[in-house]
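Please open the structure in a viewer and follow the selections below in order.

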Amino acid sequence: MQKQLNIPKTRGEKAWDIIGISGYIATVLFLIIIWRQLPEQVPLHMGLTGHVDDWAAKESLLLLPALSIIMFTLLHQLGKYPHIHNYPKRLNEDNAAAFYQLSQKMLNRVKNICVLVFCFIELEFSMIALGWIDDGHAWILIIILLAVLYPIVEGMLKQRKIK
């Protein structure tokens with residue numbers, strides 16, 4: 001196990017946290033505002049085509065905000081301990097700070113993008129339930145996957161450059 005270093009958050013990480021938390025708060029406020037207008041049955045799942053293929057009680061819309069808090073908290077805590085993340089064998093005392101900071105940044109982006117994805121799904125399900133939109137779109141799944149995978153791939157590519 002590597003030595004723990006104190007790697008402070010960058011301005012970019014702080015900005016991502018503000019974006020993620022703001023998106024979460026806005027989504028929860030939106031849900032509170034529309035709660036009484038929601039029908040008793042709301043979308044629970046969409047297939048790959050973007051069409052709703054399962055419905056559930058409107059209380060199921062509370063699941064994504066709850067999962068967001070749990071995921072955000074766990075990944076936030078994990079980000080505080082970059083020395084326990086997985087690194088290549090070339091990790092040493094000279095390059096540990098660079099590896100740790102890169103891993104911390106990558107995890108921060110993934111954490112906040114996942115929260116934003118959950119917010120987007122919550123909004124989309126709510127709008128479908130309210131009849132504001134007909135269905136989701138298949139291309140949304142592609143965008144979501146790319147959004148989550150991008151910081152991981154970017155981090156892996158940058159990690160290769162650390163000597």
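Colour the protein by burial: buried residues, those under 20% relative accessible area with a 1.4 Å probe and protein chains only, make up 37% of its 163 residues. This is a predicted model, in which local features need pLDDT of at least 70 and side-chain atom pairs count only at pLDDT 80 or more, whereas totals for chains, interfaces and linings use all residues. Residues are numbered from 1 along each chain as its sequence is written, and side-chain values use heavy atoms, without hydrogens and water.

Select H3 (residues 96-129) and H4 (residues 138-161), whose axes, lines fitted to C-alpha atoms over the stretch in contact, lie 9 Å apart at an angle of about 175 degrees. H3 is therefore roughly antiparallel to H4, a term for angles over 145 degrees. Display side chains where the two helices meet (heavy atoms within 4.5 Å): among them are Phe99, Met106 and Phe120 of H3, and Ile140, Pro151 and Lys158 of H4. The residues of this contact comprise 15 nonpolar, two polar and four charged.

In the contact of H1 with H3, 12 residues are nonpolar, seven polar and six charged.

Definitions and conventions: Axes fitted to C-alpha atoms, helices over the stretch in contact; angles between N-to-C directions. Helix = DSSP H or I, 4+ residues; strand = E, 2+ residues; numbered from the N terminus. Parallel < 35°, antiparallel > 145°, perpendicular 65-115°, else oblique. Nonpolar A, V, L, I, M, F, W, Y, C, P; charged D, E, K, R; others polar. Buried < 20%, exposed > 50% of the residue type's maximum accessible area, 1.4 Å probe, protein only.
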